[in-house]
Amino acid sequence: MHHRYDVVVVGAGGAGLMAALYAAKGNVSVACVSKLYPTRSHTGAAQGGIGASLGNVGEDHWEWHMFDTIKGGDYLTDQDAAEVFSKDIVDAVIELEHMGLPFSREADGTIAQRKFGGHTREFGKAAVERACYAKDRTGHMILQTLYQQNVKNGTTFYNEFHVFDLLIEDGRCTGVVAYDLATGELHTFHAKAVILAAGGYGRVFKITSNAFTLTGDLMSIYYRKGLPLEDMEFYQFHPTGLSKLGILVTEGIRGEGGILRNVNEERFMERYAPTIKDLAPRDIVARSMITEIREGRGVGPDKDAIYIDLTHLPRETVEGKLAEITDLARTYLGLDPLKDMVLVQPTAHYAMGGIPTDIDGQCLSDGAGGKIEGLYAAGEQACVSLHGANRLGTNSLGDLVVFGRRAGISAAKYARQAEYGRLSEDPEAETREMLAGLRSNSGKDNPADIRKVLQETMMNNVGIFRNGPDMEKQVEIIKELKERYKNVGVADVSAKFNGDLIDAVELGFLLDCAEAMTASAVNRTESRGAHEREDYTERDDKNWLKHTMAYKDLNNEGNVLIGYKPVALKGYTRAFEPKARVY
Amino acid sequence: MNITVKILRFDPEQDKKQHWENYALEVAPTDRVLDILHQVKWFQDTTLNFRRSCGHGICGSDAMLINGRNRLACKTLARDVVKEGGTLSVEPIRGLKVVKDLVVDMEPFFDSYKAIMPFFVNESPAPARERLQSPEHAELMAHSSNCILCACCTTSCPIFWANGSYLGPASIVQAHRFIFDSRDEATQQRLGLMNQNTGVWRCRTAYNCTEACPREIPITELIEQVKRSVMYGQA
């Protein structure tokens with residue numbers, strides 16, 4: 001089947017839905033293609049809040065938010081992106097409210113705000129209430145509200161259409177190829193502009209807060225074309241995942257006064273971040289927790305968890321503002337946060353890196369300013385780079401709306417003046433070949449066997465603490481797994497709703513993401529933000545204040561070529577010089 | 001513990017009708033039913049199909065009939081539904097066409113959702129800042145805005161089974177979210193939709209929906225609130 005739309009959005013989470021709304025406002029035809037029903041997207045799992053300097057509770061300014069974002073990113077954040085973001089997000093949150101988002105409210109009727117990790121007043125003096133929230137289901141409310149607005153707007157959705165290829169001819173994107181899960185048929189979407197917003201790849205790790213469906217599809221497809229992925233070595237582990245399960249427990253619990261404790265019930269964060277303690281940024285808290293566990297002060301049957309203590313908080317807070325995580329703790333661990341301390345451990349959560357874009361969402365083809373015409377990206381899948389080496393809590397939801405909106409506006413603007421690009425004779429050929437290859441395999445490994453090894457080894461070798469020898473070992477493991485993958489068995493021969501085939505395709509995407517990530521991490525011989533090396537423990541601004549650009553070597557399988565891109569060290573009106581990062 | 005899970009299977013390309021298949025497994029008491037289904041799919045029979053995404057009860061993908069009751073597979077633990085040596089049964093939710101195995105056609109469900117104007121309406125010029133709303137008014141939407149559109153409620157409703165044109169509990173909950181939003185201006189239009197013969201009056205307060213809701217939304221109570229609003233012509 002063949003379709004034609006001025007703008008095609010891939011992914012229907014927060015970034016994709018925002019992009020679709022704004023592209024449509026630009027008077028162009030828009031379709032949104034997603035492998036899930038929109039309301040199933042993982043934006044809905046975000047809990048704690050969306051940061052904006054509204055100042056509803058305590059004094060706040062966009063400059064403070066900009067500074068916190070840059071310092072949180074360990075100075076790898078592009079400061080032009082941080083400035084645009086910190087200003088735009090204020091309007092964007094107000095806009096969400098005008099779309100009807102049911103925020104929690106302060107007594108005066110304004111949007112409720114609370115403290116969150118790394119968000120401070122006066123450039124680091126004390127924590128500030130910046131996270132605008134709807135109980136502890138802010139992401140759910142953003143996803144629902146944006147979907148509602150798209151229903152109102154009459155956006156055309158292709159649900160359970162899985163994008164398997166990106167059509168790029170001579171530096172111009174001309175559309176995508178998608179697989180219709182219900183029928184097994186391929187569809188070509190011919191477009192003047194394409195916006196990629198299909199989320200992250202947390203399923204590369206064993207313990208993750210990410211959905212089963214977050215397999216880095218579009219990052220991998222981009223990478224397979226010889227195009228770069230930026231800063232893939234920077235992957236955030238959220239400090240508080242439910243023990244063993246990795247299910248997210250919002251940082252909002254610490255914003256509301258929850259305290260991390262070790263086996264001695266000591267508030268250990270006082271030792272690691274004396275000023276803001278439990279509200280230090282995620283990379284620092286996650287490392288502190290692992291250090292406590294390694295030094296024998298972990299809790300739980302395997303001594304591999306840490307307590308989060310809410311028992312001193314009022315019932316209204318725990319069952320009201322934190323109702324979601326209270327339900328999760330009761331359901332999965334049988335613990336009642338009102339009277340029990342809850343067992344948590346760091347969980348793979350968020351990719352700071354991804355498809356490189358400029359400030360308007362246009363995709364970059366190298367580190368020297370080259371761009372792909374008609375191709376845009378936003379959200380977790382993109383790297384603009386707002387988050388640098390470590391994202392601050394609440395800035396992912398902010399990123400979605402601000403850069404989803406910008407990508408939508410830019411794509412529509414481009415599409416209004418552009419003609420449709422030429423498609424090749426048979427745009428579906430490569431996808432058809434890939435699927436036929438998988439279907440004809442007779443290997444005894446099924447996708448789950450290979451995936452299990454990948455997830456366990458990535459966790460061990462490219463996790464929170466890293467070192468050269470372990471990562472080198474992982475490079476070889478990924479090569480072996482890719483070799484096994486070539487003959488991965490697909491037992492299900494059916495056309496309709498073939499989840500076995502999807503599993504196999506998604507595993508291929510994950511393997512690419514793991515390859516780019518590991519190669520980038522081995523290469524960066526310093527510690528910065530979420531990238532913590534035991535063999536290079538210091539940040540090295542002289543050699544490493546630059547973005548990594550990882551390219552698949554199309555002439556030498558398994559080889560990754562590394563390039564770089566300068567960091568924007570100045571915003572438009574403000575600039576913050578790199579300093580030591582203490583809290 | 002050792003259990004048998006029996007799953008109602010259907011392959012539209014091979015089967016004329018649904019049939020049960022049994023799988024013997026060793027599971028942990030704290031495993032989610034979703035983990036059990038994954039164990040079957042990943043290591044015993046890769047042809048098994050079901051929807052799932054987040055794995056912790058927020059995306060609403062994996063509603064199914066577990067031991068005869070609508071639940072989310074990811075929010076149901078083995079120890080609550082099966083004992084050592086026992087059998088766990090899993091079937092697709094009822095009232096929607098089965099596409100394959102545990103996958104049903106969700107389009108009619110979302111069509112009902114779209115029929116109730118599920119979006120905020122306020123055409124007055126927007127202020128420069130947020131519209132104000134008291135915490136008490138915000139709290140009126142606390143339950144209805146918690147809905148994840150999983151369809152556990154609607155597909156457990158005997159009225160919906162008998163008559164698919166009934167908008168169903170999920171859509172009424174969505175309407176409630178806007179009817180009780182002090183900022184929304186389309187209350188009368190929505191009350192009109194609720195007053196149609198596909199609307200609230202079909203509800204016979206069977207309470208199945210309330211029991212089925214994985215988000216513990218007091219659905220029947222919300223439907224009653226909407227009925228009263230229709231009667232009095234205001235929220």
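Sheets, domains and chain contacts

Reply: In this predicted model, strands S10, S21 and S22 of chain A make an open, antiparallel sheet of three strands, in the order S10-S21-S22.

Me: Which strands of chain A stand at the edges of that sheet, each with a single partner strand?
Reply: The order of the open sheet is S10-S21-S22 in chain A. A strand with a single partner has one side left without a neighbour in the sheet, so the edge positions go to strand S10 (229-230) and strand S22 (560-566) of chain A.

Me: How many bridges pair strand S21 of chain A with S22(A), and which residue stands opposite Met549(A)?
Reply: Strand S21 of chain A spans residues 546-552 and pairs with S22(A) in the antiparallel sense. The pairing runs over seven bridges. Within S22(A), the residue opposite Met549(A) is Gly563(A).

Me: Which helix packs on this sheet, and what angle does its direction make with that of S22(A)?
Reply: The helix is H15(A), which touches S10, S21 and S22 of chain A. Its direction and that of S22(A) make an angle of about 65°.

Me: Is strand S14 of chain A mostly covered or mostly exposed?
Reply: Strand S14 of chain A takes in residues 342-351. A residue counts as buried when 20 or more other C-beta atoms lie within 10 Å of its own. By that cut-off 10 of the 10 residues of S14(A) are buried, and the strand is mostly covered.

Me: Which residues of S14(A) stand opposite Phe237(A) and Ile306(A)?
Reply: Strand S11 (residues 235-242) of chain A runs antiparallel to S14(A), joined by six bridges. Strand S13 (residues 306-309) of chain A also pairs with S14(A) in the antiparallel sense, over three bridges. Phe237(A) faces Ala348(A), and the bridge partner of Ile306(A) is Val344(A).

Me: Which helix gives the most to the side of domain 1 of chain A that touches domain 2 of chain A?
Reply: Chain A is assigned a domain 1 (238-348) and a domain 2 (429-564), with C-alpha centres 30 Å apart. Five residues from each of these domains of chain A take part in the contact. On the domain 1 side four residues come from one helix, residues 282-297 of chain A, which is H8.

Me: How many residues of domain 1 of chain B are in contact with domain 2 of chain B, and which strand gives the most?
Reply: The assignment for chain B has domain 1 (2-104) and domain 2 (107-232), and their centres are separated by 29 Å. The contact involves 13 residues of domain 1 of chain B and 14 residues of domain 2 of chain B. By class, the domain 1 side in chain B has six nonpolar, four polar and three charged residues. The largest contribution to this side of domain 1, three residues, is from residues 69-72 of chain B, strand S4.

Me: Which helix gives the most to the side of chain A that touches chain B?
Reply: In the contact between the chains, 42 residues of chain A meet 41 residues of chain B. The side of chain A has 19 nonpolar, 16 polar and seven charged residues. Helices H3 (79-98), H4 (138-153), H10 (323-333) and H15 (499-523) of chain A each supply at least two residues of that side. With six residues, the one that gives the most is H4(A).

Note on methods
Residues are numbered from 1 along each chain as its sequence is written. Chains are lettered from A and ligands numbered from 1 in the order in which they are written. This is a predicted model: local features need pLDDT of at least 70, side-chain atom pairs count only at pLDDT 80 or more; totals for chains, interfaces and linings use all residues. Domain bounds come from an automatic or database domain assignment. Two residues are in contact if their C-beta atoms, placed from the backbone, lie within 7 Å. Ala, Val, Leu, Ile, Met, Phe, Trp, Tyr, Cys and Pro count as nonpolar, Asp, Glu, Lys and Arg as charged, and the others, Gly among them, as polar. A residue is buried if 20 or more other C-beta atoms lie within 10 Å of its own, exposed if 12 or fewer, and partly exposed in between; C-beta atoms are placed from the backbone. Two strands pair if DSSP finds at least two bridges between them. Axes are lines fitted to C-alpha atoms, for helices over the stretch in contact, and angles run from 0 to 180 degrees between N-to-C directions.
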